Amino acid sequence: MTGLHMSSTLASTLAHTLRPLVRDDGTFDLRDMRKHNVLEHDRSFTRLDFRQGDNYTFQPPMFQALLDDANDGPVTIPTLAKTYVRRKREAKSSGAPRLSISLWGVNLIQTVSFYHTAAMSSLSKETMTTFYVEERFPDQILKNSKKRTLPGLIWDTIILMQAIVFKA
Amino acid sequence: MVHVTLFSFFKSMVSFGSRERKQEIATIQQEDHTYTRGNIENRGPCPGLNALANQGYLWVGRILQAFCDFRTDVPPDPAMGKTLPYHESKLP
C-alpha cells in the first residue's frame, strides 16, 4: 500500500478484509478473489453477476455504461451513486438475491474505493480507462502523495450514501 | 465479510511506523514497478488488486503477516505475492 500513499490504518483495514482468502502460509492467489459472496459479490460495475457464469472478466459494455452514467466523464461520487442505483435496479429486475449486510457495506465501500485511492476531485475518462481497461494505476495517482486515510474512505462512503438517497 | 479484531487493528497502527516497516517500505519503493499485464486466468475480479499485481506492488502476503500476526514463526518471503510475469522477468 506504500505506492498508493495509504495510512497505516487504511492499509491494515483493507489487508484484513482478505483474511478469509489467506492460506496457512499467509499467501493467497488473486484467483481466490472469485469465490462468490466472500469479497466478490453481485452488482459489480464492470463484472457480470455470479449466476451469469463469469464473475471476474472485465466487461467493456458495462464499463461503457459506467461512463455513460457520467455522460462520458468525469466520474464523481454523484455519478457513482447513479451507477450504484442502476446496478441495484438491474440486479433486482433479474431476480438476483439481495446482498447480505456485510456485502452491502463492502459494495458501498468498493464503489468509492478507486475514487478515494485516486485522491482527485473527479476521475477523467482517461484515468478510468487506464485503471479499468489496462488495470494499471496511472502515474498521476502513484505520484500524488496526498495521504489516503480510513476516515477519508468512510467519509466518501457517507457522501455516496447521501447521493444515493437524495440525488440518484 | 470483514475480519478486523480490535487488538490486531491497534497493533497494526503501532507497528506500522516501526523501523522494520520503514525498511520494508523503502525496499518496496526501490523495486521495479514496470507495468506488465497479467493473464486473466491468474487474476480476480478486483481491478485494484489486479493493477497492484500488474505493477509489482502486490506484497499482500507480507502485509498480512505484518498486520494479522499470521504465522509469526515463518519469516517473510520476499517473493511472496509477486506475479508470474515478475518472476519470469527475473529469469536469465
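The largest nonpolar core in this predicted model has 38 residues. A nonpolar core here is a set of buried Ala, Val, Leu, Ile, Met, Phe, Trp, Tyr and Cys residues joined through C-beta atoms within 7 Å. A residue counts as buried if 20 or more other C-beta atoms lie within 10 Å of its own, as exposed if 12 or fewer do, and as partly exposed in between, with C-beta atoms placed from the backbone. The residues with the most contacts inside this core are Met33(A), Ile77(A), Leu80(A), Tyr115(A), Phe131(A), Leu49(B) and Leu52(B).

Which elements give two or more residues to this core? In chain A they are helix 1 (8–16), helix 3, helix 4 (101–118), helix 5 (125–132) and helix 7, and in chain B helix 3 (47–54). Helix 4 of chain A provides the largest share, 5 residues. Helices (H or I, at least four residues) are DSSP runs, numbered from the N terminus. As general background, nonpolar side chains in soluble globular proteins tend to be buried together.

Residues are numbered from 1 along each chain as its sequence is written, and chains are lettered from A and ligands numbered from 1 in the order in which they are written. Because the model is predicted, local features need pLDDT of at least 70 and side-chain atom pairs count only at pLDDT 80 or more, while totals for chains, interfaces and linings use all residues.

Let us turn to Leu80(A). Leaving aside neighbours within four places in sequence, Leu80(A) is in contact (C-beta atoms, placed from the backbone, within 7 Å) with Val75(A), Thr111(A), Val112(A), Tyr115(A) and Leu160(A).

Helix 3 (residues 77–93) and helix 7 (residues 150–166) of chain A pack at an angle of about 60 degrees, their axes 9 Å apart. Axes are lines fitted to C-alpha atoms, for helices over the stretch in contact, and angles run from 0 to 180 degrees between N-to-C directions. Helix 3 of chain A is therefore oblique to helix 7 of chain A; angles under 35 degrees count as roughly parallel, over 145 as roughly antiparallel, 65 to 115 as roughly perpendicular and the rest as oblique. From helix 3 of chain A, Ile77(A), Pro78(A), Leu80(A), Ala81(A), Tyr84(A) and Val85(A) meet Asp156(A), Ile159(A), Leu160(A), Ala163(A) and Ile164(A) of helix 7 of chain A. By class, this contact has 10 nonpolar, no polar and 1 charged residues. Ala, Val, Leu, Ile, Met, Phe, Trp, Tyr, Cys and Pro count as nonpolar, Asp, Glu, Lys and Arg as charged, and the others, Gly among them, as polar.

Next, two buried residues. Thr13(A) lies in helix 1 of chain A and counts as buried because it has 20 C-beta neighbours inside 10 Å. Its C-alpha atom is 8.0 Å from that of Leu150(A), 137 residues apart along the chain. Asn55(A) sits in the loop between helix 1 and helix 2 (60–69) of chain A, and is buried, with 20 other C-beta atoms within 10 Å. Leaving aside neighbours within four places in sequence, the contacts of Asn55(A) include Arg34(A), Glu40(A) and, from chain B, Pro45(B).

Finally, the backbone. Is Asn71(A) buried or exposed? Asn71(A) is exposed, because 9 other C-beta atoms lie within 10 Å. Asn71(A) is found in the loop between helix 2 and helix 3 of chain A, and its phi is near 50 degrees, a positive value in a residue other than glycine. Pro74(A) is found in the loop between helix 2 and helix 3 of chain A, and the peptide bond from Gly73(A) to Pro74(A) is cis, with omega near 0 degrees.

Key:
Two residues are in contact if their C-beta atoms, placed from the backbone, lie within 7 Å.
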